[in-house]
Each structure stands twice: as structure tokens, then as C-alpha cells.
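The sequence and the structure are shown first.

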Number of protein chains: 2
Amino acid sequence: MKISVKECAAILKQQDNILILTHAHPDGDTLGCGFALCRALLALGKNARVINADEIPKKYNYLFEDMESKSFDEQFVVTVDVATENLLGELQNAYGGKINLCIDHHGTNTLYAEKTLLEDVPAACETVFRVIKELGVPVDKQIASCLYTGITTDTGCFRYASVTANTFRAAAELVELGADNGTINRLMFETKTKTYAKLERLALDGMHFHCNERVAVITVTQEMYAKTGSNETETEALAPLTRQIEGVEIGLTIREKADKTCKVSIRTFESVNASELANAFGGGGHPQAAACRFDCPVDEAEKLLVEKCAALLGE
Amino acid sequence: MKISVKECAAILKQQDNILILTHAHPDGDTLGCGFALCRALLALGKNARVINADEIPKKYNYLFEDMESKSFDEQFVVTVDVATENLLGELQNAYGGKINLCIDHHGTNTLYAEKTLLEDVPAACETVFRVIKELGVPVDKQIASCLYTGITTDTGCFRYASVTANTFRAAAELVELGADNGTINRLMFETKTKTYAKLERLALDGMHFHCNERVAVITVTQEMYAKTGSNETETEALAPLTRQIEGVEIGLTIREKADKTCKVSIRTFESVNASELANAFGGGGHPQAAACRFDCPVDEAEKLLVEKCAALLGE
């Protein structure tokens, strides 16, 4: 059942022991939502904590490192920025079918939760900001920084066409409430570790094209991690690079996992629906940024993807 | 003499034949200011045009390609986003000492004009937006797009620490007034020509470090332009790359000109004042982004710069 911001806040107010789940391979928006909401619920005197399936990249430590965790028995489970239950990763085993509330912004959301607050906004943090205001919690510097993080990371730092006047207004409010925009953007977008810089160079060296250069592909293998000292938590920034080349309409970043299966990030412009492409392989996402997984090696996944791209592009 | 937004608008209202000068090697902010102000003055029934010393990179064509130019004898000369007269490039010969009004946001502005409207804002377009509102001109889609262009380019798409709540509010207003933010950002930040992509790869391959890896240097030579088919108008995006490596505090991009002199872009973080470094060599700019010129070859310029960097960093 879909609910409004007001209803969402009313439901949360009735609960005391709340577990918040982010999606696997967590990014700035899911983590920003999770920790902002958790901080707001704690401020209301409730028990709350955030968990997720995968390691949180170190650059996000500021979202939570000052928080104390207290054990409690969860009675209410909330997902944030999670379009489908399988995006919970390993947490799906424990929580699949048991989600009480979902706050999300993906058009592909399957309404798997008992109640879903779904808004068409560029970052789920924009919606969580409204929920927190409705809860009546004063937004402090920490909450503001969590929310700003989600908005800036899911919009490529306000770069994407999805950004509206409301997104800019939310950012203005959050900066006024103390969000440290300069430092956050520097951490999120301006700082490349030397290991990442090496990985990026290797990945760009290997970038190749299909379908009359309308499709660009980057592959990241376990061997490349070994060679550069980098790892999977550092690959988030690669995906946007694929669609930066003039003439490219679909950018694919195929990451090999340790078990030789792979995960694919898809980036497109208006001419192609990324989410449609991801859907064809059981994934999902947004019109211009989506993802899917393959239980096969990188080269086979690339072949399947390129065939589908050719069909979509009429090549 | 420094003047206010109100005074600036009153002065412009009294003039009928207005020439607007941008700085040499024009960027999005100076061009956005120039064409937004020109369009506003034309809307008031005045004669106005924008000129500058160097070729305008093609990606900025949308700022002016729908405008008709009418010849007239200029009676009033305005500079926009021009900190010092020598930044006018070749136009300095004709207009040095003859500037009636300057609208700028550089702390290093030498107050060379008869009257100067100087505000401490991340992009001069933020100030021009206020001037246009004060002129009483309705801000149409074209003017909004010019102003948005200046704000997004001079803030690295809202990434820099200089961005304030007011900057975000100006962006919100401009998007509501019709600025095509998605398309503009795509043009400014997401589209790499194949020739630029090649140049970037060459430049990054040659990136090297000084002062315990606290200084990163990229050099761009005429030979590299020849090898990649790129040219100087495509180098603007290189400068920010220098300071993206972890641990780097000063990033230098040294571009060789056809006459073997060179131009240097300086990028820093809070620990070093870029404008102080540029000043030491007769240049100027902002605390974290500045520029200067050298009448010597690239390697000599690099030696001089690195010596000064070492002194600033205490290395």
C-alpha cells in the first residue's frame, strides 16, 4: 500500500524498536537515508539502528562514526532506497517478506513492503528530509550532512537532468542547517585514492566500443584489483565515465566478483531507458542509471548485454 | 569606486550603447555574465554586444547563437568577471584605462574600472542575476540558461566549498525560470570529445609529483595537441584533475602556447591560497582556483612554480 509523507511519519511515531535496512553494495543515498532517519528516531527517544549486507566504503564513515549503538529487539523493519527485496543482498534471507515500511524513489519499486512511501525525486534523501520534518525532529548538522550526502551522490553532485528546483531548495536548506557541502563533495567526488586512480587508468585503457561506438564498455576484473591494490568498494566512480565520450548512448561497467559472477552498472542518456535494459536481466533502477547481476563470466555477460543494446538501438 | 547592485542597475539604465567585454580564454562564467547582461539590455531596447579576445569554445554556442547583432558606436564599456585589465588579453590595447563599469567576484580585483560592483560570491553570474532583476527585465529561458551556465561552471557543478545556500537558491530560481540544467551540465561536464579524451589520457599518463607528492603537475604541449587532434579550447577540464589525487594540495596545469610561452592553472585546497601563488607570478584568481602566465618554456615555468610551492608548503 502506498502512503504519504504524513502517514509515514505517523506510522514511525507509533514504533519504538526500529531496524533500518539499506541496499547491498551501499551508496551515499541509501546510507544517507538510513543514518539520517536513524538519528531522527533516536532523537525522538526510540531504539533504532542501521544494518546492511556489505562493507560500507570508508569514505562514508562520517555518516555514523559518532553514533552509539545500543542492542534491542527489532519490532519494525524499514528499508530505505531499496527498489526490490533482492537488492538487500544477504539480508534478504532474514528479512524477505518481513518489511513493514519502505521509503524509496525508484519507479521500479515492486511494493514488496506492507507500506511504501514512494516519491519521484532524484534522491530518496529528499523524501526522508520531508519525513524527518514531519516527525518534528530538529535537523542538526549531522542529520543535514547525511541528507546532503544522499542528494549530492544520487544526482552526481546536482549534475543530472533529474535535479529540480526543489532539489536545489532542499540543498539550500541543508547547507543552512549545517551540512558541510564543501567537505562532503570533496570526499565524494574530488578525492581519488592512489589505488583508485591506478584502477581508473587501467579501466579507461581497456574501454572499448560496440554498436557503431554508441555503446562503451569498461570491465573490471579481480586481476585488475590485484594489480592496483584497489577493490570493489572503489568502483562506484567508474560507471559515470562510460557515458562521457561523445556519441556514446549506453555505458556499461562490468565488475567481476570473486566468485566469477559479475555485476553491471548501466548509464544512459535520454535516448535509452537504462532501467529497461537492466530489467531484461532481472535488475532495475532509474531511466538513466540502473544495475543488474549475471551468474556468468564477464565476457558472456558482455555478449548478452551488447545483443540487447543492439536491439534497443536498432543497430 | 565600489557600487551596489542598485547603483549598478541605475547606471546601466542611463546608457544606450553598451559594449561588454569578457576575459580572454573565456569560460562559462564570463560568457554567461556577458550574454545574460547583453540580452537583458537588449530587452530594455538598448544597443549592446559582447566581445572578447579569444575564440569561444563551441560548447558555449547556445549562449548566443539565437542573438542578432546590430552595429552601433559604443559609448559605455562594461567588463564582466574580469579581475585585472591584463586578463582582457588583446582587448587591453584598445580598452585599457577606458572601462566604465566592472561587475566581478574576484577578491583580487584591482578596481581598474571607473565603477566596480564586486561581490564575494562563487560565480559572477550570481551578481549579474541580481543586477538583471534590479533592471526589471523579466528573466526568460535564454537569460536563465546563461546565468545557470556561469554558476554551474564556476562552482564545478555546485561541488566547491564556495557554494552557499544562496547559490543553491539562485539555481532553484533559474531552473524554475527555464534554465535547462540537465542539458547544460551534460554539455559542460559530461561530454568529452574523442580528441579531448585522448588528450586527457596523455596528460594523466604524464602527471608527475613534487614536494613529497603534495604537488601534482600536468603539462600540455603543442606536440600533444598535434598528436591527439585536440587544441587549447579543450583544456579547461584538465585543471580540476590535478588535485583529485589523495594527498595532493596543489595541482598545476601548465599549457604550452604556440609561441612557446605558457599559461598555468592552479588548483588547491584550503591549506594553500592559489591566488597567492598566482600573484607571485603576476596572475590572480580565487583562494582555490587561480591562473598566471609565463614568458618562458614549460620546464622553466614548472621549476619556478615548484620552488614557490615548496616555500608555501614548508618543504
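## Helix H4 of chain A

The buried residues of H4(A) pack against helix H1 (5-14), H2, S4, S5, helix H5 (141-154) and helix H6 (165-176) of chain A. Contact here means heavy atoms within 4.5 Å, and buried means under 20% relative accessible area, with exposed over 50% and partly exposed in between (1.4 Å probe, protein chains only). Helices (H or I, at least four residues) and strands (E, at least two) are DSSP runs, numbered from the N terminus. The model is predicted: local features need pLDDT of at least 70, side-chain atom pairs count only at pLDDT 80 or more, and totals for chains, interfaces and linings use all residues. Residues are numbered from 1 along each chain as its sequence is written, chains are lettered from A and ligands numbered from 1 in the order in which they are written, and side-chain values use heavy atoms, with hydrogens and water left out.

Nine of the twelve residues of H4(A) are buried, so the helix is largely enclosed by the rest of the structure. The buried residues are A:Ala124, A:Cys125, A:Glu126, A:Thr127, A:Val128, A:Phe129, A:Val131, A:Ile132 and A:Leu135. The twelve residues of H4(A) should span 16 Å at 1.5 Å a residue, and the end C-alpha atoms are 17 Å apart, which agrees; the expected span is 1.5 Å times one less than the number of residues. After H4(A) comes A:Gly136, with a positive phi near 80°.

## Packing of H2 and H4 in chain A

Helix H2 (residues 28-43) of chain A packs on helix H4 (residues 124-135) of chain A at an angle of about 5°, with the axes 9 Å apart. Axes are lines fitted to C-alpha atoms, for helices over the stretch in contact, and angles run from 0 to 180 degrees between N-to-C directions. H2(A) and H4(A) are therefore roughly parallel; angles under 35 degrees count as roughly parallel, over 145 as roughly antiparallel, 65 to 115 as roughly perpendicular and the rest as oblique.

On the H2(A) side the contact is made by A:Asp29, A:Gly32, A:Cys33, A:Ala36, A:Leu37, A:Ala40 and A:Leu41, and on the H4(A) side by A:Ala124, A:Cys125, A:Val128, A:Ile132 and A:Leu135. By class, these are ten nonpolar, one polar and one charged residues. Ala, Val, Leu, Ile, Met, Phe, Trp, Tyr, Cys and Pro count as nonpolar, Asp, Glu, Lys and Arg as charged, and the others, Gly among them, as polar.

## The five-stranded sheets

In chain A, five strands form an open sheet with parallel pairing, in the order S2-S1-S3-S4-S5. Two strands pair if DSSP finds at least two bridges between them. Strands S2 (47-51) and S5 (115-118) of chain A stand at the edges with a single partner strand each, so one side of each has no neighbour in the sheet. Neighbouring strands of this sheet are turned by 20° against each other on average, direction ignored. Strand S4 (residues 101-104) of chain A pairs with S5(A) in the parallel sense over four bridges, and A:Cys102 stands opposite A:Thr116 in S5(A).

Chain B also has an open sheet of five strands, in the order S2-S1-S3-S4-S5 and with parallel pairing. Within this sheet, strand S3 (residues 76-80) and strand S4 (residues 101-104) of chain B are joined in the parallel sense by three bridges; the bridge partner of B:Val78 in S4(B) is B:Leu101. Helix H2 (residues 28-43) of chain B lies across strand S1 (17-21), S2, S3 and S4 of chain B and runs at about 165° to S2(B).

## Strand S7 of chain B

Six of the six residues of S7(B) are buried, so the strand is largely enclosed by the rest of the structure. B:Val215, B:Val217 and B:Thr219 are on one side, and B:Ala216, B:Ile218 and B:Val220 on the other.

S7(B) runs antiparallel to S6(B), with three bridges between them, and B:His208 stands opposite B:Val217. Six bridges join S7(B) to strand S8 (residues 250-256) of chain B in the parallel sense, with B:Ala216 opposite B:Gly251.

## Loop residues of chain B

Most residues other than glycine have a negative phi. B:Cys211, in the hairpin of S6(B) and S7(B) with four residues between the strands, takes a positive phi near 50°. At 15% relative accessibility, B:Cys211 counts as buried. B:Phe158 has a positive phi near 65° and lies in the loop between helix H5 (141-154) and helix H6 (165-176) of chain B; at 0% relative accessibility, B:Phe158 counts as buried.
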